[in-house]
Amino acid sequence: MKSTIPLKMYVEAYISSLPADADAAADADALAQALEAIKPLRSFVGDASMSAPERRKALETALPRVQDATRNLAIVLANDGRIKDVNRLPALVRSVQAERDGKRHAVVTTATPLAAADLRRMAASLERIAKMPVTLEEHTDPSLLAGFRIALGDWSYDSSLKGTLDRLRQSIIL
């Protein structure tokens with residue numbers, strides 16, 4: 001049964017459990033990438049019939065360089081029926097870390113990489129919207145075709161060609 005505890009609470013507890021010099025974002029990236037790329041590992045870790053020590057051993061083998069707390073987080077999420085949420089961890093870890101630093105975390109996704117000057121302008125615009133400093137994470141997704149998507153906390157904006165075409169298709173279907 002899937003837990004109703006917000007994923008953010010798991011992430012806050014996880015970050016609090018890490019040593020000060022740990023790179024939570026890199027570990028969350030590694031965990032999400034491994035569980036996405038290695039489907040049998042994801043199935044094994046998510047299998048409630050497997051014991052925690054068995055799952056821990058599998059994660060230690062697949063992810064020898066991540067913190068124990070990162071592997072523990074994966075096991076807790078699996079135990080609570082939340083293993084499919086692992087792909088959301090990297091962005092959420094960055095968001096929680098930014099909040100702790102008095103900043104907001106934004107993710108911008110574009111069809112092609114942005115120039116450094118465009119990223120600076122976008123960050124400045126988002127800081128005006130958020131009324132606080134913003135950390136900006138850039139992703140590239142060629143399926144957007146053109147334009148961009150931005151997520152800043154609960155707020156999102158999609159001006160991609162793909163998003164526009166999807167909204168048009170939905171309005172025609174309805």
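**A guided tour of patch, helices and salt bridges**

Select L145, L161, L165, L168 and I172, which make a nonpolar surface patch of about 490 Å². A patch consists of residues with over 30% relative accessible area and no salt bridge, where like charges are joined within 9 Å and nonpolar side chains (Val, Leu, Ile, Met, Phe, Trp, Tyr) within 5 Å. Accessible areas come from the Shrake-Rupley method with a 1.4 Å probe, and for residues only the protein chains shown count as cover.

The model is predicted: local features need pLDDT of at least 70 and side-chain atom pairs count only at pLDDT 80 or more, while totals for chains, interfaces and linings use all residues. Residues are numbered from 1 along each chain as its sequence is written, and side-chain values use heavy atoms, with hydrogens and water left out.

L165 counts as partly exposed, its relative accessibility being 43%; buried denotes under 20% relative accessible area, exposed over 50%, and partly exposed the range in between (1.4 Å probe, protein chains only).

A salt bridge requires a side-chain nitrogen of Lys or Arg within 4 Å of a carboxyl oxygen of Asp or Glu. Both residues belong to α8 and are three residues apart, about one turn of the helix. R169 is partly exposed at 43% relative accessible area, and D166 is partly exposed at 26%.

The whole structure contains 13 salt bridges. Select next E99 and K8, another such pair (3.0 Å, N to O). E99 lies in helix α6 (residues 89–100) and K8 in helix α1 (residues 7–17), so this bridge ties together parts that are 91 residues apart in sequence.

Proceed to D29 and R94, whose side chains meet in a salt bridge (2.6 Å, N to O). This pair links distant parts of the chain, with D29 in helix α2 (residues 24–37) and R94 in helix α6, 65 residues apart.

Finally, display helix α3 (residues 39–46) and helix α4 (residues 52–62), whose axes come within 9 Å and cross at roughly 155°. Axes are lines fitted to C-alpha atoms, for helices over the stretch in contact, with angles from 0 to 180 degrees between N-to-C directions. The two helices, α3 and α4, are therefore roughly antiparallel, a term for angles over 145 degrees.

Methods. Helix = DSSP H or I, 4+ residues; strand = E, 2+ residues; numbered from the N terminus. Parallel < 35°, antiparallel > 145°, perpendicular 65-115°, else oblique.
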